[in-house]
2 protein chains.
Amino acid sequence: MSWRWAFARHVAQAQRLLPTSSAGGGTGLLGRHHHHMPLASQIRSKEQQDPFELVADEVSLLVNRLRFMVSAEVPKLASTAEYFFKVGVEGKRFQPTVLLLMASAVKFSLSESTEGKVLSILADKLRSRQQNIAEITEMIHVASLMHDDVLDNADTRCGVRSLNLIKGNKLSVLAGDFLLSRACVALAALGNTEVASLMATTVEHLVTGETMQISTSTEQQRSMEYYLQKTYYKTSSLISNSCKAVAILAGHTAEVSVLAYEYGRNLGLAFQLIDDVLNFTGTSASLGNGSLSHIRHVRITT
Amino acid sequence: MSWRWAFARHVAQAQRLLPTSSAGGGTGLLGRHHHHMPLASQIRSKEQQDPFELVADEVSLLVNRLRFMVSAEVPKLASTAEYFFKVGVEGKRFQPTVLLLMASAVKFSLSESTEGKVLSILADKLRSRQQNIAEITEMIHVASLMHDDVLDNADTRCGVRSLNLIKGNKLSVLAGDFLLSRACVALAALGNTEVASLMATTVEHLVTGETMQISTSTEQQRSMEYYLQKTYYKTSSLISNSCKAVAILAGHTAEVSVLAYEYGRNLGLAFQLIDDVLNFTGTSASLGNGSLSHIRHVRITT
């Protein structure tokens, strides 16, 4: 079993761990399929299920909508901005998967009564707003990849040519800005000031993390504290704050939204720690296709 | 009289032209100083007044607050992001001036009654939110200048070295992103979805305009329509939409906010038209110090 599979499985398990989820009983995402099974079988069955499959169809719809959301008027801008959202280039969509699983994990349970049916309409509306968070997260993520590559001047990156080499630094900067502005418009449309502020702060964190990475003193390079702070900003802040946003939109208490945040924080940190260790110990085969930075390494197919 | 002075004076005159302003009578910004003077003298006096002076103190406070708003944690990011906000580098602050004058122009009149005093507190709160729009506009403006300079590879720009040459492309990109994220946080704090959406769209327009400028076909280069569309996106959208935002925050009707938008649109277009003509006919002396792109040309003093 790969470590990536293990991580994603933890998200599915979070449904059991988060306080509100236990109240969900048989109506949770996994529970729906297994509510007649004895507990021991349920746990075994859950452990064998690929968490990516649980929301694969929903992620697929979401990615289609994203392609529409990032379409630009001017051809040159369009082709650059849409590049990472093309079929075959989109990678594993790790972050949308985690966020949709988190949305299921923090779901309130619904009864079968008339009141339950009204609530079910509200629940669909909520789910669609949580999908928006996943879309916004993906746009911010791709924008930051585009901007991080500026001035790398690497002819090849892991054996394949980088977008900036093909499209030029300048267009990558503009396309990244374009994605950020679309993300900001989508955030404004959600109409939740706390969530908008959280997500805007993640952009600041991404920039701070990247700056820390390119301007480290020898002393800082040896500091585990500095490394973890940089890693939080660069890899963990986006997923942790978007997990929190998903819980806030669901109307959860501060306690639950902090749990969601902590989940994302630890997931992001663990992800980057393993990725960094594999830089020293791993081969491209053991690194596989699912890393967070995978999107940068894809072979250009069009 | 310079053309720039003439433009700024038009903003002051807008106080007379906008519908709500005529209701303001002696309580408008200019009226306060002149309400005992006969009408003819008032008009003469208004025409002699430098519009920049009308809000100079307020712009100065605003710029101080901006310096605080753009301060970053990591030293390298801080020095780049704060660069354009330093004393001596800040230029004429044309856009904040126009926006504060617009805020005065769309001001409702207040009576001297108790009710008037309550309203006066609300008016102060509104003014401070309109100042926020000016701050956000300035952050977006500076961020776009930083990103536009990427890959210009010009050793000197109008005789002075560009920021990117000194700080590097990459840091300019990151610092621009940092300013955009701070602008987005400030927008979220305003809690007005329509305004947030308007301002986020201006970032998209700036990017679209820049892309149109760097990727023009020979046919497009000869099209006045294409030129005006590009100019709207690149120079006029930010000032026109922020003028509109100032009117929306004041609770004006769609009619008034569209007038404010049109004012900004025409001001921005006229500004760029003259700037572009001066590229062919003007000397650096006649170009002076007040152009919208002036901030890029300033001599580095520290």
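The model is predicted.

The contact draws 39 residues from chain B and 39 residues from chain A. About 3500 Å² of area is buried between chain B and chain A, and carbon and sulfur atoms account for 70% of this area. Across the interface of the two chains, four salt bridges are found. A salt bridge joins the side chains of Glu210(A) and Lys170(B), with an N to O distance of 2.7 Å. Ten residue pairs are in polar contact between chain B and chain A, counted with both residues at pLDDT 80 or more.

On the side of chain B that touches chain A, at least two residues each come from helix 7 (75–81), helix 9 (114–148), helix 11 and helix 12 (193–214) of chain B. Helix 11 of chain B gives the most to this side, with 14 residues. By residue class, the side of chain B that touches chain A comprises 20 nonpolar, ten polar and nine charged residues.

Helix 11 of chain B covers residues 169–190. Of the 22 residues in helix 11 of chain B, 20 are buried, so that the helix is mostly covered. The end C-alpha atoms of helix 11 of chain B are 32 Å apart, which agrees with the span of 32 Å that its 22 residues should have at 1.5 Å a residue. Just after helix 11 of chain B, Gly191(B) adopts a positive phi of about 65°.

How values were computed:
Residues are numbered from 1 along each chain as its sequence is written. Chains are lettered from A and ligands numbered from 1 in the order in which they are written. Side-chain values use heavy atoms; hydrogens and water are left out. Helices (H or I, at least four residues) and strands (E, at least two) are DSSP runs, numbered from the N terminus. The expected span of a helix is 1.5 Å times one less than its number of residues. Buried means under 20% relative accessible area, exposed over 50%, partly exposed in between (1.4 Å probe, protein chains only). Contact means heavy atoms within 4.5 Å. Buried area is the accessible area (1.4 Å probe) that two parts lose on being put together, summed over both. A polar contact is a pair of N or O atoms within 3.5 Å; within protein, one must be able to donate a hydrogen and the other to accept it, and residues adjacent in sequence count only if both atoms are side-chain atoms. Ala, Val, Leu, Ile, Met, Phe, Trp, Tyr, Cys and Pro count as nonpolar, Asp, Glu, Lys and Arg as charged, and the others, Gly among them, as polar.
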